[in-house]
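Hi,

Here is the structure I promised to pass on. Have a look at it first, and then read my notes below.

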Amino acid sequence: TKTRMTFEGAGDFEPNNHGGRNFHFGIREHAMGAAVNGMALAKLRPFGSGFLIFSDYMRNPIRLSAIMQLPALYIFTHDSIGVGEDGPTHQPVEHLVSLRAIPGLLVFRPADANEVAETWRYVAQLKREPAVLVLSRQALPTVDRSQTAPASEITKGAYVLVDSEGALDVILIATGSEVGLALSARDELAAAGVGARVVSMPCSELFDRQPQAYKDDVLPPSVKARVAIEQASTLGWHRYVGDGGAIVGMHTFGASAPLKMLVEKFGFTPDAVAQIARERVAAARDN
């Protein structure tokens with residue numbers, strides 16, 4: 001997962017080098033999670049990494065991190081159906097919602113390199129909470145922060161990345177690799193005269209802790225047309241989009257195909273999202 005520490009002196013933990021910082025666990029997710037917990041108990045700041053699909057094998061130690069209030073960090077890559085060439089067996093669908101269901105666990109799915117850096121900055125100061133970093137397999141574009149809100153806003157869990165230029169007609173809420181998709185859909189909507197706000201929601205747990213005034217500022221109750229976009233199970237998104245909203249997500253397992261074919265098959269394209277947004281706007285106006 002390219003999380004190996006390479007600074008001078010980091011080294012590998014081996015029989016003849018107990019000072020190495022990198023542990024090679026092999027295919028032992030459960031053991032890795034347990035060892036991470038043990039190191040956290042010893043006041044180290046450990047992390048373990050693997051593919052998101054295999055977080056299933058780490059569920060017990062991750063759950064124990066939350067119960068024991070340990071500042072352990074779990075890093076999972078290959079986070080969506082974008083792992084097309086590996087087939088549906090390696091494509092996580094239900095895993096994000098299952099991790100979000102663990103009390104006391106912070107689940108971050110950052111949208112670009114800047115959000116990743118700010119997430120690291122935030123989790124490094126945690127004392128009694130474990131966190132999960134969920135990252136993509138594919139390279140993601142870096143959002144031009146001169147045109148958007150700063151990535152430091154991730155500490156609030158969700159924030160207005162880009163607002164509509166005129167009247168606000170619809171809100172697009174996305175995480176991770178789908179934030180770029182939401183930005184492209186916003187541009188398409190703007191060209192058609194539809195005002196769209198893009199909200200990046202890297203950590204719903206942190207957003208839920210915010211004062212109601214802030215949550216209403218990001219997701220105004222008066223704007224019923226909302227679309228959530230995430231390449232995963234739709235469970236849980238209804239509390240953000242409401243009855244008048246829509247969710248572009250997964251209702252089945254993935255498929256074996258290249259990424260381009262998968263996003264078209266499952267509706268993760270700017271055209272498809274923009275069309276759903278227009279339908280939600282029309283429905284809101286009719287009501």
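Just after α5, Gly-193 takes a positive phi of about 85°. Before going further, please keep in mind that this is a predicted model, in which local features need pLDDT of at least 70 and side-chain atom pairs count only at pLDDT 80 or more, while totals for chains, interfaces and linings use all residues. Residues are numbered from 1 along each chain as its sequence is written, and side-chain values use heavy atoms, with hydrogens and water left out.

Helices (H or I, at least four residues) and strands (E, at least two) are DSSP runs numbered from the N terminus. Helix α5 covers residues 178-191, and its 14 residues reach 20 Å from the first C-alpha to the last. That is close to the 20 Å expected at 1.5 Å a residue, where the expected span is 1.5 Å times one less than the number of residues.

Several α5 residues are buried, including Leu-181, Leu-183 and Leu-189; buried means under 20% relative accessible area and exposed over 50%, with partly exposed in between (1.4 Å probe, protein chains only). The buried residues of α5 pack against β5, β6, β7, β8 and α10, contact being heavy atoms within 4.5 Å.

**The cores**

The largest nonpolar core has 62 residues, and Phe-108, Val-170 and Phe-268 are among those with the most contacts inside it. Such a core is a set of buried Ala, Val, Leu, Ile, Met, Phe, Trp, Tyr and Cys residues joined through side-chain atoms within 4.5 Å. Its largest share, 6 residues, comes from α5. A second, separate core of 18 residues includes Met-32 and Ile-62.

**The sheet**

An open sheet of 4 strands runs in the order β1-β2-β4-β3, with parallel pairing; two strands pair if DSSP finds at least two bridges between them. β1 (47-51) and β3 (106-108) stand at the edges with a single partner strand each, so one side of each is left without a neighbour in the sheet. β3 and β4 pair over 3 bridges, and Val-107 has Val-132 in β4 as its bridge partner.

**Arg-128**

Where is Arg-128 located? Arg-128 lies in the loop between α4 (113-123) and β4 (131-134). Arg-128 is exposed, with a relative accessible area of 55%. Not counting residues up to four places away in sequence, Arg-128 touches Gln-69 and Leu-70. The side chains of Arg-128 and Gln-69 are joined by a polar contact of 2.3 Å (a pair of N or O atoms within 3.5 Å; within protein, one must be able to donate a hydrogen and the other to accept it, and residues adjacent in sequence count only if both atoms are side-chain atoms).

Best wishes
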